[in-house]
Amino acid sequence: MISQQDNIYAHAADQIADFQFDQRVAGVFNDMIRRSVPGYAQIINTIGDFASDFVTPNSNVYDLGSSLGSATLSIRRQIEGRECQIYAIDNSLSMIERCTENLSAYVSDIKVNLLCADIRDIDIENASMVVLNFTLQFLPKSDRDSLIKRICDGMLPGGLLVISEKLYFEDEQIHGLLDKQHLNFKRANGYSELEISQKRSALENVMRPDSLTVHKQRLTDNGFSHFSVWFQCFNFASMVAIK
């Protein structure tokens, strides 16, 4: 997946608009995510490994908030021959267009249905696996429980949900410690103080992370029987829940 270098916030702006997954972000998204989210490549690769274990023949897989299709590609490579369908959904047309290009570069017998839509409007049916990869944190908090319930209701017994999120920590000292390490990670990847500050301002109104306690409670309250964090680096984590 070819990506330009992310320099969206490299120049001082009089006003910082709320972050959007628009054409500018889609064009640099691979570089942005690599330099901003520790462990992203490991998360994507392991989502494919989970698919190998959990996706059952003739079932559906949902990648909710699919962006450029990295998780969908990782899953698709691992489930060849199972006569499944993947539904890759994103509400950004720019992301869907680039995802289409990325998916078409590889031959597969697994059908991928690409939909430009709000994931809150999608019916989940016959699902053996659902992925929310850094997606839930961008929804209003009031909508998160109902989405998780609809996902669980539409999953097969034993189905797997993977949720990757930035975390908020109730312990202020821990939150400050891990937030500092994340900022150092971004600095080490070439982001300037101006870029870090301006992007943080752009995200503060649109991305509201939950704590690990809230995630676990939400999942268990809405029908999932098993839960664990399988990956964490600083304030970023990926979790699994089994129906």
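**Stop one: the largest pocket**

Helices here are DSSP runs of H or I with at least four residues, strands are E runs of at least two, and both are numbered from the N terminus. A quick note before going on: this is a predicted model, where local features need pLDDT of at least 70 and side-chain atom pairs count only at pLDDT 80 or more, while totals for chains, interfaces and linings use all residues. Residues are numbered from 1 along each chain as its sequence is written, and side-chain values use heavy atoms, with hydrogens and water left out.

Now colour α6, which gives the most to this pocket's lining, with 5 residues. The space inside the largest pocket is about 1,000 Å³. To find its centre, show Phe21, Gln137, Phe138, Leu203 and Met207, the closest to it of the 48 lining residues. Colour the lining by class and you get 24 nonpolar, 14 polar and 10 charged residues. (Ala, Val, Leu, Ile, Met, Phe, Trp, Tyr, Cys and Pro count as nonpolar, Asp, Glu, Lys and Arg as charged, and the others, Gly among them, as polar.)

On a 1 Å grid over the protein atoms alone, a pocket is an open set of points with protein on both sides within 12 Å along at least five of seven lines; a cavity is a set where a 1.4 Å probe fits but cannot get out; lining residues have an atom within 4 Å of a point. Points are joined across faces, edges and corners, and a volume is the space filled by probe spheres set on them.

**Stop two: the cavity**

How many cavities of 30 Å³ or more are there? The count is 1, and the largest cavity holds about 30 Å³ of space. Select Asp6, Tyr9, Lys186, Tyr191, Glu195, Ile196 and Lys199 to see its lining. Helix α7 (residues 193–203) gives the most here, with 3 residues. By class, this lining has 3 nonpolar, no polar and 4 charged residues.

**Stop three: the strands**

Switch to cartoon and pick β1 (residues 60–64) and β2 (residues 85–90): they run parallel, joined by 5 bridges. (Strands pair if DSSP finds at least two bridges between them.) Show aspartate 63, whose bridge partner in β2 is alanine 88. Next, follow the chain from β1 through α3 to β2, a right-handed β-α-β crossover. Right-handed means that, with the strands pointing away from the viewer, the path from the first strand over the helix to the second runs clockwise.
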